[in-house]
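This report concerns aromatic rings and the groups placed around them. Please examine the structure shown below before reading on.

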Amino acid sequence: MSRNTPAIPSGLGLLSDAAVTKYLSRGMQAGQEKPPRGALAKMSVALPETEERWHVEPVRRLLDEAMNRFDGDPPLADRWLAPRLHATLRMTRAEAADSRRWNFLSMIVAPDYVVWRHRRREIAQVARFVGPHYTQAFSRLWWAAELFRSGEDYRPVEVACRIQDVLNTTMRLDVIDHRPTAAAIIQLLQRLEDSGVSGLGDRANTLSSAVNAAGSTLVYDVLAPDEPADEDALADWITAGALAPAVPWDRLPDGPDDGAVSQHAVDALLPLFERLLAEAPLRQRQRAVEEDE
Amino acid sequence: MKPVFPYQTFIGIVELEVVAVTVDGIELPYSKISKLDQAVALHQIGRDEWEIASLRLRATLPDQEIAAGPWTDLVCLAVLAEKATNARHTARLKRADDGRWQGAIDLVRSRHLNRAELSLTVVGTVSGVAGRAVGTTERDWYVDLNRDVPVRQQEIPIVQTDFREGDPDWLRSFKESLWVVETTGDTPVVYLNTTAVEGLLDVVDGTGGTAAEKVVREMTASQIAQDAWTAMFHTAISDLDTDEDDTPVMPAGWREQVLRMMLPDVLPERQLTDALFNINERRTKGYGWPELQTRIQYAAGKRSQVTKKLTNAMRSLDRAEEGRKP
């Protein structure tokens with residue numbers, strides 16, 4: 001462990017996947033070593049400091065609060081953190097799809113959070129530091145918020161994050177890129193939860209694969225047309241972030257007001273999804289419960 | 001993977017064509033649209049900051065089947081999607097007087113990163129079930145945001161830099177090599193070291209020159225290509241996602257292209273899905289890996305056309321030698 005770990009830089013940057021592979025040590029994955037920030041900083045590309053949204057401090061404060069609040073049960077932090085991370089790191093999908101931004105967070109800004117949230121047995125998996133959008137510690141939260149929000153309403157995101165299988169399974173599927181499909185899955189699960197059904201995670205898995213399988217011959221876009229998002233509203237929301245106060249901790253923030261998912265479209269899918277769930281055999285959970293439970 | 005349809009679908013061909021593209025209202029030069037490659041190049045269109053590209057589409061559907069088949073309520077749906085950004089946007093095409101289907105779909109720049117795929121699906125009610133896909137384009141169009149030329153095949157970018165002092169500085173530890181291949185990103189990159197072998201890059205970059213120069217150029221180029229193909233193949237199969245039956249899923253982007261091109265040479269006489277399954281099994285269960293290396297090397301060599309290039313180069317060298325003799 002180095003004695004003089006340089007401080008966390010004040011601005012976000014972009015860090016290549018190659019850099020993560022090079023510097024991510026077992027010690028870091030176990031939370032016993034500090035990241036070689038100096039070396040990592042040299043390998044990263046800084047984002048313009050003039051843009052307030054790339055300031056590190058608000059994100060860091062959010063993560064500290066999450067670790068503080070949910071120390072006894074880290075998976076619980078997801079539903080609190082996802083909407084707040086999304087509303088703090090305001091950006092376009094093109095920006096969010098660049099894995100280098102998430103690498104910078106996991107390697108330089110908050111490797112401690114990655115270990116706190118994802119350490120199983122001894123270490124946190126490499127894929128939590130660098131990985132696809134549904135696995136990496138930060139991008140999975142941001143994308144959960146992006147894919148499940150309904151315009152400015154983050155409440156469906158909380159439901160999605162409460163049922164970990166939605167993050168682990170549903171979020172991988174291409175069919176949920178169609179917003180009414182994503183919303184219908186969440187609303188159906190919410191309904192099941194309200195009625196006190198047990199094994200919600202298994203049902204989320206069953207439902208997701210049934211919806212996905214049916215989606216190879218059924219075109220949900222036609223059954224439940226989605227409205228295109230209001231891109232100007234999104235751009236305004238991103239710009240407004242510079243002057244907005246930090247996200248609230250005890251109530252949900254507001255997302256970009258770029259158009260809610262049409263309930264009419266969701267209602268067109270709900271009976272179909274209910275039937276798919278009823279007809280699908282409820283699989284026994286095959287994989288050992290090792291991740292995120 | 002082609003789904004199995006439990007109902008009747010089109011036998012005839014569904015064809016989609018991008019007729020014209022406007023970027024923020026300005027018409028894109030026709031050279032940026034390739035019908036042959038089914039690709040559109042949106043990069044360097046004279047403006048860096050654009051917001052919306054609008055693609056005008058025209059489709060041809062099998063008319064006789066439309067009239068005779070068991071479907072009703074037909075919808076002709078264009079779908080623009082990109083995996084990297086989870087973007088999905090659709091538009092309906094309408095039937096024009098000439099029987100073709102026409103419409104437009106918008107590509108919003110902030111929702112895309114590299115390359116969007118454009119396809120067409122015909123949807124209808126079949127046997128009382130609404131929303132059935134009854135026909136689709138065989139080959140998607142590619143809409144490339146970072147490319148000047150509309151080509152289907154993605155070329156590997158080659159970056160020339162000084163490994164000793166240039167960027168990115170992780171290359172410093174490779175300062176003695178002539179090139180390295182990086183496959184971790186969205187697209188593979190070959191970094192070519194400008195300072196490893198003095199004078200070599202002048203030869204490599206040049207055209208013409210002496211026969212000997214040509215041999216050096218071809219050798220270097222095909223070696224680089226072989227290295228790149230090998231590295232890309234290994235990366236593409238290194239971390240396959242599996243579905244719930246443990247069947248490996250074809251990865252997206254360049255990884256898919258590489259596998260589609262190389263698997264037939266690596267595991268000949270096997271269907272693509274079988275080959276993928278086999279390779280994943282060997283990798284995860286740890287058998288048959290060494291013998292696979294020979295096949296990979298062979299496939300990479302074939303792709304980079306080593307033999308052909310060197311044969312040609314050797315012949316021209318021979319001819320030059322002949323000419324020098326009295």
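In chain B, the ring of Tyr142(B) has the charged end of Arg115(B) over it, 3.9 Å from the ring centre. A charge is said to sit over a ring if NZ of Lys or CZ of Arg is within 6 Å of the ring centre and within 35 degrees of the ring normal. In chain A, Arg101(A) lies over the face of Trp54(A), at 4.6 Å from the ring centre.

This is a predicted model, in which local features need pLDDT of at least 70 and side-chain atom pairs count only at pLDDT 80 or more. Residues are numbered from 1 along each chain as its sequence is written, and side-chain values use heavy atoms, with hydrogens and water left out.

Rings of Phe, Tyr and Trp (its six-membered ring) pair if their centres lie within 6.5 Å; planes under 30 degrees apart count as stacked, over 60 as edge-to-face and the rest as tilted. By this rule, there are seven aromatic pairs over all chains. Two of them are listed here.

| Pair | Centre to centre | Angle between planes | Type |
|---|---|---|---|
| Phe70(A) and Trp80(A) | 6.1 Å | 55° | tilted |
| Tyr220(A) and Phe273(A) | 5.4 Å | 80° | edge-to-face |

Phe70(A) and Trp80(A) are ten residues apart. Phe70(A) is buried, with a relative accessible area of 16%, and Trp80(A) is buried at 7%. Buried means under 20% relative accessible area, exposed over 50%, and partly exposed in between (1.4 Å probe, protein chains only). Tyr220(A) and Phe273(A), 53 residues apart, are both buried.

One aromatic cluster is formed by Trp102(A), Trp142(A) and Trp143(A).

Definitions and conventions
Chains lettered and ligands numbered in written order. Helix = DSSP H or I, 4+ residues; strand = E, 2+ residues; numbered from the N terminus.
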